[in-house]
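Good morning, and thank you for coming.

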Amino acid sequence: MKTHYTVAFAMLAGFGLGTVAVQGLHAQANAPVYTVAEIDIADQAAYSTYVPKAQAAIKAAEGEPPKSRVVIQQWDSLEKYQAYRNSSAFKELLPMREKAAKFRSFVVEGVSQ
């Protein structure tokens, strides 16, 4: 009978330690947060002065930027996006683009409101 209690206690202790370990790992693995800003520039000169100062403030708060970048663009329709991707202007940029960085693009259709 003592063996059954020992095995049961060991299983419960193992389960408890495993639960604590998993919670600790989840607490350490915070997902990144992205901000998306839409900017309509009213005064180009003032904006040109603002941008470097804003970038310095962000860098001071965050440190070095992440290695990857996220860019969100809005297109009026899937057809307009496809026309851009098939355009000669885009195709001319491909060699430069492929040399400069690795890109992964996703198209997500929005929902009409």
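The structure holds 1 salt bridge, meaning a side-chain nitrogen of Lys or Arg within 4 Å of a carboxyl oxygen of Asp or Glu. Please note that this is a predicted model, in which local features need pLDDT of at least 70 and side-chain atom pairs count only at pLDDT 80 or more, while totals for chains, interfaces and linings use all residues. Residues are numbered from 1 along each chain as its sequence is written, and side-chain values use heavy atoms, with hydrogens and water left out.

The partners in the salt bridge are Lys80 and Asp76, whose closest N and O atoms are 3.3 Å apart. Are these residues buried, partly exposed or exposed? Buried means under 20% relative accessible area, exposed over 50%, and partly exposed in between, with a 1.4 Å probe and protein chains only. Lys80 has 47% and is therefore partly exposed; Asp76, at 66% relative accessibility, counts as exposed.

Let us turn to helix 4, residues 88-100. Helices are DSSP runs of H or I with at least four residues, numbered from the N terminus. The 13 residues of helix 4 should span 18 Å, and its end C-alpha atoms are 19 Å apart, which agrees; the expected span is 1.5 Å times one less than the number of residues.

Finally, Ala101 lies in the segment after helix 4. With a relative accessible area of 37%, Ala101 is partly exposed. Its C-alpha atom is separated by 9.7 Å from that of Ser68, 33 residues apart along the chain.

Definitions and conventions: Helix = DSSP H or I, 4+ residues; strand = E, 2+ residues; numbered from the N terminus.
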